[in-house]
Amino acid sequence: MDTKTFIIAAVIKIALVVFIMLTGVAYTTWLERKLIGRIQNRWGPTRVGPFGLLQPLADGVKFILKEDLLPDYVHKGLFILAPMLALVMSLISIAVIPFGETITIAGHTTALQISGITHAGGGISDINIGLLIILGVTSIGVYGVALAGWSSNSKYSLLGSLRASAQMISYELALGLSLVGILLLSGTLSLREIVFSQSGNWVLGGHDTHVPHWFIFPQIVGFFIYLLAAYAETNRIPFDMPEAETELVAGYHTEYSSMKFAMFFMAEYVNMFTVACLATLLFFGGWHGPHLGFLPPIGQALLPVVYFAAKVFFFIFLYIWIRGTLPRFRYDQLMAFGWKFLLPLAIANIIVTSLIVAWGA
Amino acid sequence: MVHQVLFIVFGLICVAGAINLLVQRHPISSALSLVVVMASLALIYLLLGAEFVAAIQVIVYAGAIMVLFVFVIMLLNAGAEERTRGSRMALIVGVPGVIILAGTVGWMLVSGSGRLGGVNLVGPSSFGETHAIARLLFKEFLLPFEITSVLILIAIMGAVVLGKREN
Amino acid sequence: MVPLSWYLILSGILFSLGVLGFLLKRNIITIFMSIELMLNAVNLSFVAFANYWHTHPVADKSIVPLSGQVFVFFVMVVAAAEAAVGLAIIIAVFRTRETLNVDRVNLLKL
């Protein structure tokens with residue numbers, strides 16, 4: 001592939017992915033309000049459009065038209081930088097996520113991944129350290145939260161951001177360690193190759209078990225640690241201490257209004273999508289699923305993407321379901337849970353997994 | 001050619017960030033300029049083909065150590081730096097000392113650089129590969145690796161003891 | 001192709017700026033950050049040399065080509081340990097003396 005085609009393909013992919021992602025984010029807010037409404041025995045948004053489907057559009061227009069307040073005595077530069085940092089860092093991690101294997105349009109074969117490169121011979125190569133890039137970008141995202149609280153020059157914001165950044169730093173450890181089991185089993189950091197190593201079925205004692213070769217089965221403990229730590233990282237119930245709208249003054253974004261507030265909001269939802277995509281890729285076999293031979297060729301080509309989207313949707317649904325079900329942790333319980341339970345459990349999981357891998361080798 | 005231009009761009013960002021660290025009076029501005037230095041150093045590591053080091057540079061330095069710094073600055077609500085007698089002493093003695101140090105280092109490097117060749121942009125295939133580093137780390141450098149884990153353990157215990165309030 | 005000396009000169013400049021910050025700054029946290037800057041400068045030359053020995057292999061067995069990158073790893077571990085203990089000391093000092101200025105911390109106790 002020459003440079004020109006590469007750049008054109010990359011720009012088209014980026015535009016498409018960002019468009020789909022932001023639309024997805026908008027409609028996740030709709031889905032959340034609708035589902036939470038049904039869980040609590042009410043209707044949710046119904047007024048704007050059929051089933052309230054135009055509600056996200058109305059919300060967006062409202063966010064843009066609201067007055068953009070800049071309080072006195074804030075640190076202007078950092079106050080404006082913080083929400084942008086949060087949003088940009090959450091969007092960057094989408095770049096390394098593979099949504100499917102390859103797609104061929106008008107003779108050009110391209111990877112369904114922004115950072116996937118097609119070689120002259122037709123082979124696809126991925127970034128070798130895709131998983132580390134996501135972890136790195138996530139850890140940079142903490143600056144958005146920390147700086148928002150500090151630059152606001154308000155006690156509530158500062159306390160909220162201290163709360164949030166302490167929580168995010170603490171759970172990052174458990175999050176990173178919970179993924180080591182996957183790395184031991186697959187032997188690679190490239191997300192594409194982790195998915196490839198999950199194709200086929202588990203074979204036990206020489207015969208096919210008909211259970212898909214997904215890493216959720218040997219890594220069920222790792223998966224639950226990942227899920228809990230990721231909920232804390234994205235500040236969602238039951239770990240939404242940074243916001244806690246029913247008990248505390250809202251956290252680090254207390255002083256923000258209009259589009260700057262919307263950026264934090266969008267960053268949170270994009271992070272939810274990243275968590276859902278990563279859970280799908282690492283534990284649920286990515287775009288693998290049952291082979292459906294009766295579909296037409298176009299359906300066959302799109303099937304992996306549909307499987308991927310369905311799995312991601314399941315995790316988004318799980319987020320909302322848990323929000324409608326569980327109460328909030330207390331802050332000291334939250335920290336103790338992260339440090340005294342999840343972290344030792346993650347380390348035990350690594351030890352057991354590496355012993356099993358060493359036994360098999 | 002592209003390699004050289006990118007090196008110059010990120011090198012200049014590094015130096016600008018380091019100078020900004022010195023010029024800024026408020027610790028949080030200094031911390032953020034250090035984050036910029038570290039991020040552009042990570043990109044320079046990528047130019048050198050060391051992608052694993054670039055990733056852990058971002059995760060460990062920018063994502064963990066500097067977040068800790070920013071967190072402590074926020075926690076202590078540190079204000080802008082004040083000028084004292086000590087700073088004037090440091091200025092009088094320190095600046096000439098550093099100029100001599102930089103001059104010596106620069107002279108040694110420039111005079112010795114004739115014998116050194118250039119570095120290439122190595123493809124991701126061989127140089128920065130995580131497997132190769134892991135093999136080296138767990139075979140040739142196993143003892144130092146284990147000792148660093150003991151060091152980390154001692155550091156954690158030290159931090160806990162120091163952080164505890166005395167009653 | 002970039003000459004190796006460019007990387008070393010950049011590393012030297014960053015190291016000297018770190019030394020300058022260590023000497024001139026009065027805020028204990030900024031002094032600490034200057035030390036981190038020096039460590040980073042050294043890491044850069046480690047990686048540059050690792051790349052150099054990778055592209056210019058020699059018969060001498062005492063030079064392990066990738067060891068520069070492993071050393072960066074060790075430097076980072078030491079920096080992390082140092083940051084944890086150092087920041088704990090800074091918090092302890094701030095609790096008793098209520099200042100971050102090193103000129104005010106002039107007694108041989110906390």
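This is a predicted model: local features need pLDDT of at least 70, side-chain atom pairs count only at pLDDT 80 or more; totals for chains, interfaces and linings use all residues.
Is Asp332(A) buried, partly exposed or exposed? With a relative accessibility of 45%, Asp332(A) counts as partly exposed, and Arg330(A) is its partner in a salt bridge whose closest N and O atoms are 2.9 Å apart.

**Salt bridges**

- Side chains of opposite charge can pair when their charged atoms come close, and over all chains the structure holds 7 salt bridges.
- One of them joins Glu32(A) to Arg236(A), with the closest N and O atoms 2.8 Å apart; this pair links distant parts of the chain, since Glu32(A) belongs to helix H1 (residues 3-39) of chain A while Arg236(A) sits in the loop between helix H8 (220-233) and helix H9 (258-283), 204 residues apart.
- Glu32(A) counts as buried because its relative accessibility is 2%, and Arg236(A) counts as buried because its relative accessibility is 3%.
- Another salt bridge connects Asp68(A) with Lys260(A), the closest N and O atoms being 3.0 Å apart, and here too distant parts of the chain are linked, with Asp68(A) in the loop between helix H2 (55-65) and helix H3 (76-92) of chain A and Lys260(A) in helix H9 of chain A, 192 residues apart.
- In this pair, Asp68(A) is partly exposed, at 41% relative accessibility, whereas Lys260(A) is buried, with a relative accessible area of 10%.
- Salt bridges that share partners bring Glu32(A), Arg236(A), Glu268(A) and Arg323(A) together into one network.

**The largest nonpolar core**

- In soluble globular proteins, nonpolar side chains tend to be buried together.
- The largest nonpolar core here has 169 residues, and those that touch the most other members are Tyr143(A), Tyr226(A), Leu282(A), Phe283(A), Met66(B), Phe69(B) and Tyr7(C).
- Helix H3 (residues 51-76) of chain B gives the most to this core, contributing 17 residues.
- Leaving aside residues up to four places away in sequence, Leu282(A) touches several residues of chain A, among them Leu131(A), Leu179(A), Ile182(A) and Phe215(A).

**Contacts between chains**

- There are 2 pairs of chains that touch, and the most contacts are found between chains B and C, while no contact joins chain A and chain C, whose closest C-alpha atoms lie 13 Å apart.
- Between chain C and chain B, 74 residues of chain C are in contact with 83 residues of chain B.
- These two chains bury about 7,100 Å² between them, with 78% of it on carbon and sulfur atoms, and on the side of chain C the residues that lose the most area are Met1(C), Met33(C) and Met76(C), together 10% of what that side buries.
- Across the interface of chain C and chain B, 0 salt bridges are found.

**Chain B and its surface patch**

- Chain B has 6 helices and 1 strand, which follow one another from the N terminus in the order α-α-α-α-β-α-α.
- Of its 167 residues, 46% count as buried, and chain B exposes about 8,700 Å², of which carbon and sulfur atoms supply 72%.
- A nonpolar patch on the surface is formed by Met1(B), Val2(B), Val5(B), Leu6(B), Val9(B), Ile13(B) and Val36(B), with about 610 Å² of accessible area together.
- Helix H1 (residues 2-23) of chain B gives the most to the nonpolar patch, with 5 residues, whereas Val36(B) lies in helix H2 (residues 27-47) of chain B and is partly exposed, with a relative accessible area of 39%.

How values were computed. Residues are numbered from 1 along each chain as its sequence is written. Chains are lettered from A and ligands numbered from 1 in the order in which they are written. Side-chain values use heavy atoms; hydrogens and water are left out. Patches are made of residues with over 30% relative accessible area and no salt bridge: like charges are joined within 9 Å, nonpolar side chains (Val, Leu, Ile, Met, Phe, Trp, Tyr) within 5 Å. Accessible areas come from the Shrake-Rupley method with a 1.4 Å probe; for residues, only the protein chains shown count as cover. A salt bridge is a side-chain nitrogen of Lys or Arg within 4 Å of a carboxyl oxygen of Asp or Glu. Helices (H or I, at least four residues) and strands (E, at least two) are DSSP runs, numbered from the N terminus. Buried means under 20% relative accessible area, exposed over 50%, partly exposed in between (1.4 Å probe, protein chains only). A nonpolar core is a set of buried Ala, Val, Leu, Ile, Met, Phe, Trp, Tyr and Cys residues joined through side-chain atoms within 4.5 Å. Contact means heavy atoms within 4.5 Å. Buried area is the accessible area (1.4 Å probe) that two parts lose on being put together, summed over both.
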